[in-house]
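Work through the exercises below with the sequence and the model at hand. Each task is followed by a solution in steps.

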Amino acid sequence: MTAALTLTDITVTYPDGGRTLTALDNISLEVQPGETIAVVGPSGSGKSSLLAVAGLLLTPNSGRIEIAGEDVTQLSRSAASQVRLAQLGLVFQQSNLISSLTAREQLEMAARLRGEKGRAVRQRADELLDAVGLADAAGRRPHQLSGGQRQRVGIARALMNDPTLLLVDEPTSALDHERGQDIIRLITRVTDDRGIGTVVVTHDMGVLEHAKRLLTLEDGQLSHSYAGGHGG
Amino acid sequence: MFLALRDLRFAKGRFALMGAVIVLISLLVVMLTGLTAGLGAQSTSAITSLPGDRVAMSQPPAGQSLSYTSSHLSDGAVAAAKRQHGVKAAAELQIAQAGVQVGGHDVAATLFGADPASFVAPHGLTANSVVISDELAKNQHLSAGDEVGINGMKFTVAAIRGDSSFSHMPVVWVPGADWGRLVGNGADSSVLVLSTGSGFNSGAFDHAVGVDSMATGDSLSAIGSYSAEHGSLTMMQAMLMGISALVIGAFFTVWTIGRTPDLAVLKAMGARTWYLVRDALGEALILLVAGGALGTALAATIGTLVGDSVPFVVDLSTTAVPLILLVLIGMVGAAAAIRRISTVDPITALGAAR
Ligand SMILES: Nc1ncnc2c1ncn2[C@@H]1O[C@H](COP(=O)(O)OP(=O)(O)O)[C@@H](O)[C@H]1O
Ligand SMILES: [Mg+2]
């Protein structure tokens, strides 16, 4: 089986005053289709940098990135956009919905970026909103949704273009424990159902019980700390 | 423009404010254009409606520019002009200011004197008669057959012809034979009106006749009132256009900075810069066209209402043309602001950047 994501020996450094700060130190990671990997670490440990590299938003100093078996390490900006459109779903920390769009339009927007529109797109958006439990909220704008609902719309939006790889940035940080758990359950469920490879980065240990694999990131070093409570 | 239309609706208040500014600017620009054209016509319509295609004036003294009111043709200039290659017709046009007595009072007018037999004289001009402009006829309730007095001489209105005015005064055509008795020596001027065809060589003509010749349209700047007004009004229009570009640029700069987080998210999702730029330009275009059309419609309405008392021209050149210019210049301002979309880094969509 082709891995959804393979990171090999990734190093990322930032200039830090006169010195350099190593945010990711020679990290390797593989994510298979249908698998949710949780990367847990304290603030500043390099989680966002890891997601940025996997999301082709940041070119690492060294190492190799493969998405669905394709080497995508050295892409131009527009080629990287192309890969993000075709292969990636991103779920942001605060859901990052666009204020002027209704829930359904957030999803339509994702399809429009690929040049797809029309009735079939709206129908697919409604199906996805239904799948994340928001069939009734399709016409609401972000300010009319609760934090948990916004995060669900964000997940549905990330699924709109049928991604190979889902990258999720601190999805529970704005939610209470129970709602956070619901969101993590939802993410593992869609990952399982759709055969997507998913990386969730979080500092919330509550994801522990749902992730198939849990990795700990500390000072840019990844350690394998837990495997497979999840039955999927 | 999926996003643009929804942003417009969602941020109604802000866009309405900007739209109102565009309405006001276009209102001003179009009013000014209509007024410029109206005043221009008052200065020039008698010249632009002359037959022929060229006008020639005597060369001005050093340091002065060509002027209808200080041109004096030498004796024999007409005869010399007629002999030149490519000249189909040439005639002298004499110009002077005078008071015309209508009923018991005086009306300021510009006298145009011409030989009734020459091609430049209006149809109907005969000895002891005058041809007057529509405006003069209307304002003074004159019709053909009425009598007017000029410098103590009586003339019959032979015909009423067209919108003809010069230097903000209505034109009264008089027969050239009476010119000497009507106008004091030195208080008048004279120019050549030419009809030219193939073979006409402006340089050779000027040299042979001792004049400066030019296309009739190019001679308007030699009408004193016209060049002064036209220059300052045109400058005001240009400044308004410049202001509108700046205002629109400033608005879209603030707007684009405000939506940077949205832009970062869209780019992180895979949106190309060009897609987002096109969308934002569409937004600017909608705003400019809607606001500009409303302002133009208002100005045209006002112009039509005041058209009787104020010189104001409402036609395509004074409405559609400034509107299109305003939209184009506004788009330049918007484009300069919207350019910054390309600098938005999608990585800012990650983390707690929001
Ligand atoms: N653009 C940047 N410039 C300089 N240092 C950065 C930049 N982004 C992140 N860092 C630093 O890199 C380290 C890892 O950051 P990050 O990947 O955001 O970690 P996390 O998401 O786990 O908080 C932190 O010490 C942070 O201060
Ligand atoms: Mg982070």
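Predicted model: local features only at pLDDT ≥ 70, side-chain atom pairs only at ≥ 80, totals over all residues.

Residues are numbered from 1 along each chain as its sequence is written, chains are lettered from A and ligands numbered from 1 in the order in which they are written, and side-chain values use heavy atoms, with hydrogens and water left out.

**Exercise 1. Describe the largest cavity and its lining.**

Step 1. On a 1 Å grid over the protein atoms alone, a cavity is a set of points where a 1.4 Å probe fits but cannot get out, a pocket is an open set with protein on both sides within 12 Å along at least five of seven lines, and lining residues have an atom within 4 Å of a point. Grid points are joined across faces, edges and corners, and a volume is the space filled by probe spheres set on the points.

Step 2. Searching the whole structure gives three cavities of 30 Å³ or more. The volume of the largest cavity is about 110 Å³.

Step 3. Its lining includes Arg84(A), Leu88(A), Arg157(A), Asn161(A) and Met269(B). Two or more lining residues come from each of α2 (77-87), β6 (88-91) and α5 (147-159) of chain A and from α8 (260-269) of chain B. Helices (H or I, at least four residues) and strands (E, at least two) are DSSP runs, numbered from the N terminus.

Step 4. β6(A) gives the most, with three residues. Sorted by class, the lining has seven nonpolar, two polar and two charged residues; here Ala, Val, Leu, Ile, Met, Phe, Trp, Tyr, Cys and Pro count as nonpolar, Asp, Glu, Lys and Arg as charged, and the others, Gly among them, as polar.

**Exercise 2. Which way do the residues of β6(A) point, and which strand is joined to β6(A) by four bridges?**

Step 1. In a regular strand the side chains alternate between the two faces of the sheet.

Step 2. From β6(A), Leu88(A) and Leu90(A) point one way, Gly89(A) and Val91(A) the other way, and all are buried. Buried means under 20% relative accessible area, exposed over 50%, and partly exposed in between (1.4 Å probe, protein chains only).

Step 3. Val91(A) has Val168(A) as its bridge partner in β7(A). Two strands pair if DSSP finds at least two bridges between them.

**Exercise 3. Classify the aromatic pair of Phe15(B) and Phe251(B).**

Step 1. Rings of Phe, Tyr and Trp (its six-membered ring) pair if their centres lie within 6.5 Å; planes under 30 degrees apart count as stacked, over 60 as edge-to-face and the rest as tilted. This rule gives seven aromatic pairs over all chains.

Step 2. Phe15(B) and Phe251(B) are 5.6 Å apart centre to centre with 70° between the planes, an edge-to-face pair.

Step 3. Phe15(B) lies in helix α2 of chain B and Phe251(B) in helix α7 (residues 224-258) of chain B, so the pair ties together parts that are 236 residues apart in sequence. Both Phe15(B) and Phe251(B) are buried.

Step 4. Phe15(B), Phe251(B), Phe252(B) and Trp255(B) form one aromatic cluster.

**Exercise 4. What is the phi of Asn128(B), and where is this residue found?**

Step 1. Most residues other than glycine have a negative phi.

Step 2. Phi of Asn128(B) is near 65°, a positive value.

Step 3. Asn128(B) is found in the loop between β3 (105-114) and β4 (129-132) of chain B. With 46% relative accessibility, Asn128(B) counts as partly exposed.
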